[in-house]
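User: I would like to learn how to read aromatic contacts in a model. Can you take me through them?
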Amino acid sequence: MAEEWKKALSLYVNEYNQDEVDYRARTENTMITDLEYLMHRSLHKRKLEEWYKERGAVPLRSETRARLLREIENREGELEVEMLLAQKMDYEKGGARHREERINKQRLTLQRDGEGWSITRVIQPVPERSPRAALPAGFGTDGSGGRARAARPFLNREVLGGGGLRSVPYRREDAVLYADRWWDGFNPEFAAFEVDCTNYISQSLFAGGAPINYTGKRESGWWYKGYVGDKEAWSYSWSVANALERFLGGSESGLRAELVDRPEQLQLGDVIIYDWDGNGAYQHSTIVTAFDAGGMPLVNAHTVPSKHRYWDYRDSYAWTENTVYRFFHISDRF
């Protein structure tokens with residue numbers, strides 16, 4: 001029995017993988033009977049095709065590996081599962097070959113259909129649309145989550161001296177190295193959040209030498225302690241995209257940034273923050289870690305772990321026609 005539905009999952013992953021690079025109408029029968037998903041997927045494929053053409057890029061190859069996370073519910077003749085889909089997408093632009101990596105979760109309902117199984121429901125979560133940080137994954141009373149820390153913030157020791165802070169350069173390469181090292185995982189020295197995009201960006205900026213601005217108040221400064229007892233001890237600007245956008249837009253000392261008009265003006269280690277609905281509430285943040293052959297930024301992110309993803313996120317289910325971007329060029333010196 002298990003082998004039969006696992007074979008069905010394997011066929012589904014193959015079909016999903018093909019749809020990432022082949023946008024033609026499917027000629028063979030599909031095992032998916034979720035009409036809402038099929039219509040949404042068809043629209044998404046058309047958008048992807050237009051998106052690649054507008055970028056002057058050509059999709060070449062997709063590789064998707066699936067891992068079964070859990071069986072949510074197992075009923076007679078019906079099964080609900082959660083899967084992790086790790087994708088590598090190769091595309092060509094300007095004579096150069098680029099690779100983007102991404103990790104998504106999906107929830108599927110499988111139903112016995114005669115001698116085989118069909119996919120009757122596909123749920124694609126869109127965690128990038130979450131407006132706030134959540135509690136760290138696994139944090140609780142069993143000791144498996146975040147641990148208590150001393151009541152002092154992490155500090156960049158190299159910027160301390162002479163009785164105060166001294167000017168230091170932003171080490172862009174170090175910020176990128178950190179972002180590439182942890183794009184698909186969590187540094188155990190920091191709390192890990194279910195909605196982790198801004199926490200990850202803050203860590204990368206800190207790795208590049210951005211100095212902590214410790215105020216002791218969550219609504220001001222840019223700082224992180226961890227947990228003091230069981231209480232969260234970090235500023236909202238450290239962990240929430242909307243708060244980081246406000247901080248970068250107004251900071252006049254320490255971690256500072258210049259708001260620029262176009263993505264082409266960004267450099268490695270700069271930050272893009274996204275408002276999917278265009279209503280002034282920013283929900284997602286990324287860090288520039290590379291550039292494509294046309295000089296456009298490629299970014300890393302958490303929540304949906306991504307490496308060298310094209311900056312505009314038009315391939316994301318979170319993106320809408322109302323999406324607004326904020327392009328922050330981080331100061332060269334702090």
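**Reading the aromatic pairs**

Analyst: Tyr274 and Tyr313 are both buried (under 20% relative accessible area; exposed is over 50%, partly exposed in between; 1.4 Å probe, protein chains only). The model is predicted: local features need pLDDT of at least 70, side-chain atom pairs count only at pLDDT 80 or more, and totals for chains, interfaces and linings use all residues. Residues are numbered from 1 along each chain as its sequence is written, and side-chain values use heavy atoms, with hydrogens and water left out.

User: How many aromatic pairs are there?

Analyst: A pair of aromatic rings is described by the distance of the centres and the angle of the planes. Rings of Phe, Tyr and Trp (its six-membered ring) pair if their centres lie within 6.5 Å; planes under 30 degrees apart are stacked, over 60 edge-to-face, the rest tilted. That rule gives 24 aromatic pairs. Tyr274 and Tyr313 form a tilted one, 5.1 Å centre to centre with 55 degrees between the planes.

User: Which parts of the chain does the pair of Tyr274 and Tyr313 link?

Analyst: Distant ones: Tyr274 is in strand E10, Tyr313 in the loop between strand E13 (306-310) and E14, 39 residues apart. Strands (E, at least two residues) are DSSP runs, numbered from the N terminus, as are helices (H or I, at least four).

User: What is the geometry of Trp276 and Tyr313?

Analyst: Their ring centres are 5.9 Å apart and their planes at 40 degrees, so the pair is tilted. Trp276 and Tyr313 are both buried. One aromatic cluster includes Tyr274, Trp276 and Tyr313, with Tyr325 and Phe327 also among its members.
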